[in-house]
Amino acid sequence: AGNPSTDFVPDQIVDRFCLLGPAAAHVERLQELKELGVHQFSLYLMHDQREETLASYAQIIDKV
């Protein structure tokens with residue numbers, strides 16, 4: 001939020017290629033993508049505490 005280097009990315013790109021919102025929204029979108037044939041996705045962890053963030057994401061998504 002507020003990062004000036006993201007101004008060049010239009011909202012349509014974010015909506016199409018990003019998972020946003022609460023964990024339940026992520027799971028719903030991942031299920032939709034799976035039905036379309038997607039079998040992998042990437043997390044871009046461009047900050048400190050990458051391992052902790054990944055572990056937390058996996059734990060939260062797995063519970064939903």
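This is a predicted model: local features need pLDDT of at least 70, side-chain atom pairs count only at pLDDT 80 or more; totals for chains, interfaces and linings use all residues.

Biologist: OK. Where is R29, and how does R29 count on that scale?

Modeller: R29 is in helix α2, residues 23–35. Its relative accessibility is 27%, so R29 counts as partly exposed.

Biologist: What does R29 touch, leaving out residues up to four places away in sequence?

Modeller: R16 and L19.

Biologist: And how far is R29 from D15 in space?

Modeller: 11 Å, C-alpha to C-alpha. In sequence, R29 and D15 are 14 residues apart.

Biologist: Switching to H26. Buried or exposed?

Modeller: H26 counts as buried, because its relative accessibility is 9%. H26 lies in helix α2 too.

Biologist: Which backbone oxygen does the H26 side chain reach?

Modeller: That of G21, at 3.1 Å. H26 also touches L19, L20, Y57 and I61, among residues beyond four places in sequence.

Biologist: Now pockets. What volume does the largest one have?

Modeller: About 1100 Å³. The lining has 28 residues, and F17, C18, L19, S42 and Y44 lie nearest the centre.

Biologist: Which elements give two or more residues to that lining?

Modeller: α1 (11–17), α2 and α3 (50–63). The largest share, five residues, comes from α3.

Biologist: How does the lining divide by residue type?

Modeller: The lining of the largest pocket has 19 nonpolar, seven polar and two charged residues.

Notes
Residues are numbered from 1 along each chain as its sequence is written. Side-chain values use heavy atoms; hydrogens and water are left out. Helices (H or I, at least four residues) and strands (E, at least two) are DSSP runs, numbered from the N terminus. Buried means under 20% relative accessible area, exposed over 50%, partly exposed in between (1.4 Å probe, protein chains only). Contact means heavy atoms within 4.5 Å. A polar contact is a pair of N or O atoms within 3.5 Å; within protein, one must be able to donate a hydrogen and the other to accept it, and residues adjacent in sequence count only if both atoms are side-chain atoms. On a 1 Å grid over the protein atoms alone, a cavity is a set of points where a 1.4 Å probe fits but cannot get out, and a pocket is an open set with protein on both sides within 12 Å along at least five of seven lines; lining residues have an atom within 4 Å of a point. Grid points are joined across faces, edges and corners, and a volume is the space filled by probe spheres set on the points. Ala, Val, Leu, Ile, Met, Phe, Trp, Tyr, Cys and Pro count as nonpolar, Asp, Glu, Lys and Arg as charged, and the others, Gly among them, as polar.
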